[in-house]
Amino acid sequence: MERVDAYPTHVIRGYKTRPGKPLPFGATFVPGGVNFSVYSSHATACTLVLFDKGEPQPKAELPFPDEFRIGNVYSMVVFGLDYENVEYGYRMDGPSDVKEGH
């Protein structure tokens with residue numbers, strides 16, 4: 001039987017993606033891609049920022065669609081990445097009030 005979750009369902013800025021698994025957090029290998037997952041109790045939106053290894057400028061910025069969010073967790077599988085030569089970060093949108101813990 002073939003794994004259904006090993007196939008993309010969306011294309012975001014030229015990258016094949018699908019909703020990811022919320023756990024574990026961070027970046028983990030899955031069939032054909034990398035699952036990215038991050039928690040934020042205050043973010044209103046999240047963007048996955050991909051870099052070629054060692055490069056200061058991002059090569060792609062992939063906003064998480066609303067349907068890729070489960071509660072306070074954003075998760076996305078990105079297919080076809082050269083995972084040995086990619087680095088990543090997240091850009092979070094939302095309130096910015098240090099006194100409130102943001």
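**View A. Six aromatic pairs are counted in this predicted model**. Rings of Phe, Tyr and Trp (its six-membered ring) are paired if their centres lie within 6.5 Å; planes under 30 degrees apart are stacked, over 60 edge-to-face, and the rest tilted. F25 and Y39 make a tilted pair, with 6.4 Å centre to centre and 55° between the planes. The two residues are 14 residues apart and link distant parts of the chain, F25 lying in the loop between β2 and β3 and Y39 in strand β4. Strands (E, at least two residues) are DSSP runs numbered from the N terminus. Ring pairs also join F36, F64, Y74, Y88 and Y90 into a cluster.

The model is predicted: local features need pLDDT of at least 70 and side-chain atom pairs count only at pLDDT 80 or more, while totals for chains, interfaces and linings use all residues. Residues are numbered from 1 along each chain as its sequence is written, and side-chain values use heavy atoms, with hydrogens and water left out.

**View B. L23, F25 and Y39 form a nonpolar surface patch**. Together these residues have about 350 Å² of accessible area, computed by the Shrake-Rupley method with a 1.4 Å probe, where for residues only the protein chains shown count as cover. Buried means under 20% relative accessible area, exposed over 50%, and partly exposed in between. F25 is partly exposed because its relative accessible area is 45%, and Y39 is partly exposed at 47%.

**View C. L23 and P24 are joined by a cis peptide bond**. Omega is about 0°. P24 sits in the loop between β2 (15-19) and β3 (26-30).

**View D. R13, a residue other than glycine, has a positive phi**. The value is near 50°. R13 is in the loop between β1 (10-12) and β2, and counts as exposed because its relative accessibility is 60%.

**View E. The largest nonpolar core has 18 residues**. Such a core is a set of buried Ala, Val, Leu, Ile, Met, Phe, Trp, Tyr and Cys residues joined through side-chain atoms within 4.5 Å. L48, L50, L62, M76 and V78 have the most contacts inside the core. Two or more residues come from each of β4 (33-39), β5 (45-52), β6 (60-63) and β8 (73-79). Beyond four places in sequence, L50 is in contact (heavy atoms within 4.5 Å) with residues including Y15, F36, L62, V86 and Y88.

Key:
Buried means under 20% relative accessible area, exposed over 50%, partly exposed in between (1.4 Å probe, protein chains only). Helices (H or I, at least four residues) and strands (E, at least two) are DSSP runs, numbered from the N terminus. Patches are made of residues with over 30% relative accessible area and no salt bridge: like charges are joined within 9 Å, nonpolar side chains (Val, Leu, Ile, Met, Phe, Trp, Tyr) within 5 Å. A salt bridge is a side-chain nitrogen of Lys or Arg within 4 Å of a carboxyl oxygen of Asp or Glu.
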